[in-house]
Amino acid sequence: MNPIIIAQDLGKTYRSGKLEVPALRNVSFSVEPGEFVAIVGPSGSGKSTLFHILGGLTPATSGSVTIEGTDFSKLSDGERTKMRRARIGFVFQRFNLLPTLSAMGNIEIAHDIANLGASPKRPLDKSLLDHLTALLGIDGRLEHRPNELSGGEQQRVAIARALITRPSIVLADEPTGNLDTKNSDAVLNMLRTSSRELNQTVLMITHNPAAAQIADRILTMRDGQITGIETVQHA
Ligand SMILES: Nc1ncnc2c1ncn2[C@@H]1O[C@H](COP(=O)(O)OP(=O)(O)OP(=O)(O)O)[C@@H](O)[C@H]1O
Ligand SMILES: [Mg+2]
């Protein structure tokens, strides 16, 4: 099988004025379709930076990202955006919900954006919506705006928003960071199940060692580099 994601020699240096912050160095790895990869490592080790590059949100300083056989750097900004919207579900570390829209509005707009330019437009998958919101326990909160939701509820809306488009790749940046054990387990099960059943490729950043154990592989980062790749043995 061909890898769905290939990161080759990625480097990223943030520049603000004269200050240079090296965030990634020589990062190379690949991910098979349907694989579930957990990414762990200390704060500041470059995990979110890696996700922003894989998702085409931030350009790398060096190296390349190939998604489903397409080299991101060879695409125009418009083409890269289109590919991201159609293929990638992003759960942001800080949620990034639109503040003026309700929870439902935030989920709907993700569907609408993924459908831009599609003809005929696919209708919102109501049964998937009901399934996701029930499993995430936000079905009673859909009319609320983000500032009327708890941090954990906002996080769960952000997860529903990422999954409603049935993306082939899910990049989830600490999706259980604000959740209690019950909701955290529900989210992890949901990601694990959709990876298995929909052959969805999931990359998940986590600080929780137990959460990382549900993945197929665990990738460890330190100081902007990959320092370990471990295959998880499942019973
Ligand atoms: N926009 C930016 N401008 C300058 N430096 C940045 C920027 N974003 C991140 N950095 C720096 O790059 C490094 C990696 O940051 P990143 O957010 O990728 O870490 P992380 O592993 O996701 O950490 P955490 O676990 O705390 O979320 C850090 O030193 C950070 O300060
Ligand atoms: Mg981060």
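In this predicted model, Ala60 sits in the loop that joins helix 1 to strand 4. Strand 4 covers residues 62–67. The relative accessible area of Ala60 is 31%, so the residue is partly exposed.

The shell around ligand 1 holds 14 residues. Ser43, Gly44, Lys47, Thr49 and Gln93 are the closest. By class, the shell divides into eight polar, four nonpolar and two charged residues. Helix 1 is the element that gives the most to this shell, with three residues.

Several polar contacts involve oxygen atoms of the ligand. A polar backbone atom of Ser45 lies 3.2 Å from an oxygen atom of ligand 1. For Gly46, a polar backbone atom is 3.1 Å from an oxygen atom of the ligand. His207 takes part through its side chain: a polar atom there is 3.0 Å from an oxygen atom of ligand 1. Taken alone, ligand 1 exposes 640 Å², and the protein buries 62% of that area. The space that the ligand takes is the second largest pocket.

Ser45 deserves a separate description. This residue lies in the loop between strand 3 and helix 1. Strand 3 runs over residues 36–40. The relative accessibility of Ser45 is 2%, and the residue therefore counts as buried. The limit for a buried residue is under 20%. The side chain of Ser45 makes a contact within the protein, reaching the backbone oxygen of Pro42 at 2.6 Å. The backbone of Ser45, in turn, supplies the polar atom that lies 3.2 Å from an oxygen atom of ligand 1.

Gln233 lies in the segment after strand 10. Strand 10 comprises residues 225–231. Gln233 counts as exposed because its relative accessibility is 72%, and exposed means over 50%.

Backbone angles come next. Most residues other than glycine have a negative phi. Asn96 is not a glycine, yet its phi is positive, near 55°. The place of Asn96 is in the loop between strand 6 and helix 3. Strand 6 covers 88–91, and helix 3 covers 103–114. With 42% relative accessibility, Asn96 counts as partly exposed.

Glu174 also has a positive phi, of about 50°, although it is not a glycine. Glu174 is found in the loop that links strand 7 (169–173) to helix 6 (181–197). Its relative accessibility is 16%, so Glu174 counts as buried. Asn96 is thus partly exposed, whereas Glu174 is buried.

Terms used. Residues numbered from 1 in each chain as written. Chains lettered and ligands numbered in written order. Predicted model: local features only at pLDDT ≥ 70, side-chain atom pairs only at ≥ 80, totals over all residues. Heavy atoms only, no water. Near = heavy atom within 4 Å. Polar contact = N/O pair within 3.5 Å; in protein donor to acceptor, adjacent residues only side chain to side chain. Areas by Shrake-Rupley, 256 points an atom, 1.4 Å probe, with all protein chains shown as cover. 1 Å grid on protein atoms, 1.4 Å probe; cavity = no way out; pocket = protein on both sides within 12 Å on 5 of 7 lines; lining within 4 Å. Sits in = over half its atoms within 2 Å of the grid points. Helix = DSSP H or I, 4+ residues; strand = E, 2+ residues; numbered from the N terminus. Nonpolar A, V, L, I, M, F, W, Y, C, P; charged D, E, K, R; others polar. Buried < 20%, exposed > 50% of the residue type's maximum accessible area, 1.4 Å probe, protein only.
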